[in-house]
Structures are given as C-alpha cells and as structure tokens.
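Here's a friendly walk through some charged pairs. Have a look at the picture, then read on.

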Amino acid sequence: MKRQKKLERIDKIIDRALKYCGIEDMVLERRVLDLFPKIVEKKIISHVNSLNIEDRILFVKFDSPTWANQMLFLKKDILKKINSNLPKKFIRNIIFKS
C-alpha cells in the first residue's frame, strides 16, 4: 500500500518557489507598494508623491513637511498592518519625507 503525501497549501508552495528562484524580496516589495494605498486613508494617499523600498525600508514622500510629520503618529500602526499582510515580517522601518 502506497503512502499518500500530505497536501500543502498553494501559497506555501508559491512562497517556497519564489525563494528558490531568488525573487521573493522583489515580490514582497511589490506587495508592499500595492498594500500601502489600501492600508492608509484616501485623504493621506492624495498627498503621497512617491513610494520606494530600499533595503527593506519603505520611503514615503509627501507633498508637504506637515503631512510627513503627521504620519509619524501612524508609523507604528502602518508598519504592523503591512507586515501582518505578508507571509513574513519584511519591512523593517518606514521613513516619511517631504
């Protein structure tokens, strides 16, 4: 009698394949850039000029120093929400600039 293999979740298989191909970080970066507008309010997004990720740090550029400064109060919550929507803790920090 043959022993049946245990079924694996497809997301686990895909994550393992991305890691094997060496593109896991690129895919996670894209997910973060797609997630950010969904996590913060629309009125905040309207003041964002650009999003960039370097060395697992998310850089968010705003149209004014006031908005960049205000976002410091939300930083911890945004970071937590981003990482909780990814298969692993990926973003180490968020820097808000104007």
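**Charged pairs, one by one**

Asp55 is exposed, at 59% relative accessible area (exposed is over 50%, buried under 20%, partly exposed in between, with a 1.4 Å probe and protein chains only). This is a predicted model, where local features need pLDDT of at least 70, side-chain atom pairs count only at pLDDT 80 or more, and totals for chains, interfaces and linings use all residues. Residues are numbered from 1 along each chain as its sequence is written, and side-chain values use heavy atoms, leaving out hydrogens and water.

Q: How many salt bridges does a search of the whole structure find?
A: A salt bridge here is a side-chain nitrogen of Lys or Arg within 4 Å of a carboxyl oxygen of Asp or Glu. Searching the whole structure for these gives a count of six.

Q: Which residue meets Asp55 in a salt bridge?
A: Asp55 sits in the loop between strand 1 (48-54) and strand 2 (57-62), and its partner in the loop between helix 5 and strand 3, so the pair ties together parts 37 residues apart in sequence. (Helices are DSSP runs of H or I, at least four residues, and strands are runs of E, at least two, numbered from the N terminus.) The N to O distance is 3.0 Å, and the partner is Arg92.

Q: Is Glu24 buried or exposed?
A: Glu24, in helix 2 (residues 24-39), pairs with Lys88, 64 residues apart. Lys88 is partly exposed at 33%. Glu24 has a relative accessible area of 16%, so it counts as buried.
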